[in-house]
Amino acid sequence: MSITDPISDMLTVIRNAQRVKKDKVDLPASKMKEDVLKIVKDCGYILNYRRIEDGLQGILRVYLRYLKSKKGVITGLKRISKPGRRIYVSCDKIPYVYGGTGMAVLSTSKGLLTNKEARSLGIGGEVLCYIW
């Protein structure tokens, strides 16, 4: 079975794992997923991730982060640009997610960036997802 949208699948697996309070989740590895996870980790939404080589595609193990009340740090994930409809924005139209408390991940000519980084560099791109 092939997956037509691996980023959306990754977000769904993380969302479902956090709802049932799992400590970690395994995903099929890809460079794009690894770059998205690096941004999510740097913003503090997950504890860590690591790539496990299995001789094939590889596995990304994601360690989820919870508050002391065992409530997930990630309250929402939303895929914006989909394979059937790509969403591109210029630097002056970069979205604010939940009034600046969330973040958007953009694919730009400088690589994957958060909405704040893209706005400060003055470049636009494809809006991949929102995380809050």
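Modeller: Let's start with Lys-93, which sits in the loop between strand 5 and strand 6. Helices (H or I, at least four residues) and strands (E, at least two) are DSSP runs, numbered from the N terminus. This is a predicted model, so local features need pLDDT of at least 70 and side-chain atom pairs count only at pLDDT 80 or more, whereas totals for chains, interfaces and linings use all residues. Residues are numbered from 1 along each chain as its sequence is written, and side-chain values use heavy atoms, with hydrogens and water left out.

Lys-93 has a relative accessibility of 58% and therefore counts as exposed. Here buried means under 20% relative accessible area, exposed over 50%, and partly exposed in between (1.4 Å probe, protein chains only). Lys-93 and Gly-124 are separated by 31 residues in sequence, yet their C-alpha atoms are 8.0 Å apart in space. Gly-122 lies 29 residues from Lys-93 in sequence, and the C-alpha distance for that pair is 11 Å. Gly-122 belongs to the loop between helix 3 (115–121) and strand 8, and at 39% relative accessibility it counts as partly exposed.

Tyr-98 lies in the loop between strand 5 (88–89) and strand 6 (103–108), and although Tyr-98 is not a glycine, its phi is positive, about 50°. Most residues other than glycine have a negative phi. At 52% relative accessibility, Tyr-98 counts as exposed. Lys-70 is another residue other than glycine with a positive phi, near 60°; Lys-70 is found in the loop between strand 3 and strand 4 and is partly exposed, with a relative accessible area of 40%. Positive phi values also turn up after two helices: helix 1 is followed by Lys-21, with phi near 60°, and helix 2 by Gly-44, with phi near 90°.

That brings us to the helices themselves. Helix 1 covers residues 6–19, which makes 14 residues, and reaches 20 Å from its first C-alpha to its last, close to the 20 Å expected. The expected span is 1.5 Å times one less than the number of residues. The buried residues of helix 1 are Ile-7, Met-10, Leu-11, Ile-14, Ala-17 and Gln-18. Seen down the helix axis, these fall within an arc of 135°, so they line one face of helix 1; the arc is that of the directions from the helix axis to the C-beta atoms. An α-helix has 3.6 residues a turn, so residues three or four places apart point the same way. The buried residues of helix 1 pack against strand 1 (24–28), helix 2 (31–42), strand 3 (59–64), strand 4 (77–79) and strand 8 (125–131). By contrast, Arg-19, also in helix 1, counts as exposed at 62% relative accessibility.

Helix 2 has 12 residues that should span 16 Å, and its end C-alpha atoms are 17 Å apart, which agrees. Its buried residues include Lys-33, Val-36, Leu-37 and Ile-39. Helix 1 and helix 2 pack at an angle of about 45°, with their axes 10 Å apart. Axes are lines fitted to C-alpha atoms, for helices over the stretch in contact, and angles run from 0 to 180 degrees between N-to-C directions. The two helices are therefore oblique to each other, since angles under 35 degrees count as roughly parallel, over 145 as roughly antiparallel, 65 to 115 as roughly perpendicular and the rest as oblique. On the helix 1 side, the contact is made by Pro-6, Ile-7, Met-10 and Ile-14, and on the helix 2 side by Met-32, Lys-33, Val-36 and Leu-37; contact means heavy atoms within 4.5 Å.

Not counting residues up to four places away in sequence, Lys-33 touches Pro-6, Ile-7, Met-10, Pro-28 and Leu-60. With Pro-6 the sequence separation is 27 residues and the C-alpha distance 7.9 Å.

One last stop is Thr-114, in strand 7 (residues 111–114), which counts as buried at 8% relative accessibility. Beyond its neighbours within four places in sequence, Thr-114 is in contact with Ile-39, Cys-43, Met-103, Ala-104 and Leu-106.
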